[in-house]
Amino acid sequence: MVNASLHQGRLPTSQKHAVVTPLLKKPGLDTADMANFRPVSNLTYMSKVVERAVSVQLNEYLKDNGLLPRCQSAYRKQHSTETAMLKVWSDALVAADQRQVTLLALLDLSSAFDCVDHSILLRRLELNCGLTGSVLDWLASFVQDRTQQVVYTKANCRVRSLCLSESYRAPYWDHSFSCCTPPSSAKFSPHNGLTLQQYADDCQIYIATPVSDASSAVIRLQECLCQVNAWMSSSRLRLNHKKTEVM
């Protein structure tokens, strides 16, 4: 069944319907507030088997061809939150040893993977990663024409919502796609002296500078953040200004 799906370049519609169950994020939270629930999406067993096979092959291809950005510390072996934190912390300590201060911007995106535009994603996978033919056809089939239905229990009865289509959300294993389209590196290279580190959709941009040049460093970081924000907007992504911090 896996081989047939890959050979035909499509995932059957029956394998793209998700049953979403709302679960409380923490015990004791107010059940009347929908923000306190986390949607858990359940798909068929066979669809997850096919996803796993494609995920392994895709990540091997990206790794072998050097298409994974070095600054991304998620969704790959021997890269974790720990390695991301140690990289930023180590650079800050090295700068301090050289009597420099570090200006750090912590960027957070609003529902990043719920805002993924499928057409933009597929175009970048083709242009940036060289995926074509039946491979690209399968990926297009995988992300398109997906449906979801919320199921919950009320008064000891299971209640089902109407089926809704998913036009922009990326399925969760598609987080590996973020390695192909890091949200800030596209506008990052022109800014000399700035360093980028990412974990999933969380970005850290920082610069080390002597205290005497701190004012100019602030201006350079501001210019970089403005361009990153503009690039995200053009990609239909949005910075969460409430959670974005500069220190």
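**The second largest pocket**

Analyst: Let's start with a pocket. The second largest pocket has 14 lining residues, and those nearest its centre are Asn 59, Glu 60, Tyr 75, Arg 76 and Lys 77. Keep in mind that this is a predicted model.

User: How much space lies in the second largest pocket?
Analyst: About 440 Å³.

User: And what does its lining have by class?
Analyst: Six charged residues, four polar and four nonpolar make up the lining of the second largest pocket.

User: OK, zooming out. How many helices and strands does the chain have?
Analyst: There are six helices and nine strands. Of the 247 residues in the chain, 38% are buried. Taking contacts between residues at least 6 apart in sequence, 68% of them join residues at least 24 apart.

User: Which strands form the open sheet, and in what order?
Analyst: Four strands do, in the order 7-8-3-9, with antiparallel pairing. Strand 7 (195-199) and strand 9 (245-246) are at the edges with a single partner strand each, so one side of each has no neighbour in the sheet.

User: How many bridges join strand 3 to strand 8?
Analyst: Seven bridges, between residues 101-107 of strand 3 and residues 202-209 of strand 8, and the two run antiparallel. As one example, Thr 102 has Ala 208 in strand 8 as its bridge partner.

User: Switching to helix 5. Which of its residues are buried?
Analyst: Helix 5 (residues 133-143) buries Leu 136, Trp 138, Leu 139, Ala 140, Ser 141, Phe 142 and Val 143.

User: And what covers them?
Analyst: The cover includes helix 1 (2-8), helix 2 (45-64), helix 4 (118-129) and strand 4 (146-154).

User: What follows helix 5?
Analyst: Asp 145 does, and its phi is positive, near 60°.

User: You mentioned strand 4. How does it pair with strand 5?
Analyst: Strand 4 pairs with strand 5 (residues 157-160) in the antiparallel sense, over four bridges. Lys 154, for instance, has Cys 157 in strand 5 as its bridge partner.

User: What about the hairpin of strand 4 and strand 5: how many residues sit between the strands?
Analyst: Two residues, and Ala 155 in that hairpin takes a positive phi near 55°.

Methods:
Residues numbered from 1 in each chain as written. Predicted model: local features only at pLDDT ≥ 70, side-chain atom pairs only at ≥ 80, totals over all residues. Heavy atoms only, no water. Pairing = 2+ DSSP bridges. 1 Å grid on protein atoms, 1.4 Å probe; cavity = no way out; pocket = protein on both sides within 12 Å on 5 of 7 lines; lining within 4 Å. Points joined across faces, edges and corners; volume = space filled by probe spheres on them. Nonpolar A, V, L, I, M, F, W, Y, C, P; charged D, E, K, R; others polar. Buried < 20%, exposed > 50% of the residue type's maximum accessible area, 1.4 Å probe, protein only. Contact = heavy atoms within 4.5 Å.
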